[in-house]
Amino acid sequence: QQASQPAAAKVLKVGAEATFPPFEFQDEKSQDYVGFDVDLMKALGKQMGVEVQIVNTAFDGLIPALESGQIDVIASAMTITEERAQKVNFSKPYYKSGLSIVVKADNNTIKSFKDLEGKRIAVQIGTTGAEQAKKIKDAKIREFNSASEAFLELKAGGADAVVNDLPVNEYFLAKNASKDAKLIGEVLNAEEYGVAVAKKNTELARKINKALDEIKQNGEYAKIYEKWFGK
Ligand code: GLN
């Protein structure tokens, strides 16, 4: 199937920046793409009668890839913003999120977003976290291709803080049982994630919204949520 015929294609090409656990990442052993968004897209695909194939794409390359037809869908913990909505068709929101700060465990000066003034902040390029960090007075922003690289920069001492999506920060700290980093309590900006399709692809957008309603009704969404965020 050609990517230029997404509506008719039996395989839905789903763009995701796959180093963003627990939403999209590669299983260490199998190297399979796994995560909340991956399960969500598989469930939506099942409702729509199509296969889904994850195409690992840089975060700042996702919207261009959608516009050029290399992918049919974006499912990449992408926050619905007005700016992005001018370029893509977002589904109904499927996940409530927000931004938070991670600092080194021994940092006692940063306790809120206000305290980030003049600080070195590591972020992932093209994200709402990057945008938010850029608004902070006198902050020195270091942009990385992935959130994990931003965390590494913090660890290496090249940044004072990471600004990134709360559930991803929480997962990172839990997984790394981190003694050297901690989460700041303040959460900024309720954000909502949406699945995106090309502007012109209104039929696919409609199908995705319908499938989203269906998996919320039949309990599949709740199962996936429980799998990744239960306890
Ligand atoms: N939710 C954030 C955004 O949309 C970060 C997404 C991501 O890095 N995958 O900008």
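Which polar backbone atom is 2.8 Å from a nitrogen atom of the ligand? The atom belongs to alanine 77; a polar contact here is a pair of N or O atoms within 3.5 Å.

The model is predicted, so local features need pLDDT of at least 70 and side-chain atom pairs count only at pLDDT 80 or more, while totals for chains, interfaces and linings use all residues. Residues are numbered from 1 along each chain as its sequence is written, and side-chain values use heavy atoms, with hydrogens and water left out.

Glutamine 124 has a polar side-chain atom 2.6 Å from an oxygen atom of the ligand, and aspartate 165 has one 2.6 Å from a nitrogen atom of the ligand. Taken alone, the ligand exposes 300 Å², and the protein buries 100% of that (accessible areas come from the Shrake-Rupley method with a 1.4 Å probe). Residues around the ligand include Phe20, Phe59, Arg84 and Tyr193, each with a heavy atom within 4 Å of the molecule.

Alanine 77 has a positive phi of about 50 degrees, although it is not a glycine. Alanine 77 sits in the loop between strand S6 (73-74) and helix H3 (82-85); helices (H or I, at least four residues) and strands (E, at least two) are DSSP runs numbered from the N terminus. Another loop, between strand S2 (19-20) and strand S3 (24-26), holds proline 22. A cis peptide bond joins proline 21 to proline 22, with omega about 5 degrees.

Elsewhere, the axes of helix H1 (residues 36-48) and helix H7 (residues 202-217) come within 9 Å and cross at roughly 105 degrees. Axes are lines fitted to C-alpha atoms, for helices over the stretch in contact, and angles run from 0 to 180 degrees between N-to-C directions. H1 is therefore roughly perpendicular to H7, a term for angles of 65 to 115 degrees.

Definitions and conventions:
Angles under 35 degrees count as roughly parallel, over 145 as roughly antiparallel, 65 to 115 as roughly perpendicular and the rest as oblique. A polar contact is a pair of N or O atoms within 3.5 Å; within protein, one must be able to donate a hydrogen and the other to accept it, and residues adjacent in sequence count only if both atoms are side-chain atoms.
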